Amino acid sequence: MDSVTEKLNRCFAATFPTLDPAHYAKASVDNLGEWDSIKQLTLLTVIGEEFGREIDFEEFEDATSYDALVRILEAA
């Protein structure tokens with residue numbers, strides 16, 4: 001079974017195809033210029049598909065970094 005980070009890495013690859021995978025773990029809204037509101041919605045949609053769950057956008061309201069996403073997804 002794939003780990004949360006393996007699945008999340010696939011989500012980042014699909015959403016941010018030009019981002020070097022070595023930088024996924026440090027990615028955030030603050031340091032990734034292309035991570036805007038549209039990319040946030042895209043990322044959450046991809047996460048929903050990858051993890052097979054319906055996304056509650058309020059639950060992910062503060063998920064503006066890779067680390068925050070990992071914490072939320074591991075807690076689910």
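This tour moves through the helix packing and then the salt bridges of a predicted model.

Begin by selecting helix α1 (residues 4-15) together with helix α2 (residues 37-51); their axes lie 9 Å apart and form an angle of about 135 degrees. The two helices are therefore oblique to each other, and the crossing of α1 and α2 is right-handed.

Next, display the side chains at this contact. From α1, select Val4, Lys7, Leu8, Arg10, Cys11, Phe12, Ala14 and Thr15; they meet Lys39, Thr42, Leu43, Val46, Ile47, Glu50 and Phe51 of α2. Coloured by class, the contact of α1 with α2 shows nine nonpolar, two polar and four charged residues.

Now turn to helix α3 (residues 66-75), and select its buried residues: Tyr66, Ala68, Leu69, Val70, Ile72 and Leu73. These buried residues of α3 pack against α1 and α2.

The salt bridges follow; the structure holds four. Select Arg10 and Glu50, whose closest N and O atoms are 2.7 Å apart in a salt bridge. Arg10 belongs to α1 and Glu50 to α2, so the pair ties together parts that are 40 residues apart in sequence. Arg10 counts as partly exposed at 35% relative accessibility, and Glu50 is also partly exposed, at 26%.

Move on to Glu34 and Lys39, which form a salt bridge at 3.8 Å, N to O. Glu34 is partly exposed, with a relative accessible area of 28%; for Lys39, likewise partly exposed, the value is 22%.

Finish at Arg53 and Glu59, a salt bridge in which the closest N and O atoms are 2.9 Å apart.

Note on methods: Residues are numbered from 1 along each chain as its sequence is written. This is a predicted model: local features need pLDDT of at least 70, side-chain atom pairs count only at pLDDT 80 or more; totals for chains, interfaces and linings use all residues. Side-chain values use heavy atoms; hydrogens and water are left out. Axes are lines fitted to C-alpha atoms, for helices over the stretch in contact, and angles run from 0 to 180 degrees between N-to-C directions. Helices (H or I, at least four residues) and strands (E, at least two) are DSSP runs, numbered from the N terminus. Angles under 35 degrees count as roughly parallel, over 145 as roughly antiparallel, 65 to 115 as roughly perpendicular and the rest as oblique. A crossing is left-handed if the near helix is turned anticlockwise from the far one by less than a right angle, and right-handed if clockwise. Contact means heavy atoms within 4.5 Å. Ala, Val, Leu, Ile, Met, Phe, Trp, Tyr, Cys and Pro count as nonpolar, Asp, Glu, Lys and Arg as charged, and the others, Gly among them, as polar. Buried means under 20% relative accessible area, exposed over 50%, partly exposed in between (1.4 Å probe, protein chains only). A salt bridge is a side-chain nitrogen of Lys or Arg within 4 Å of a carboxyl oxygen of Asp or Glu.
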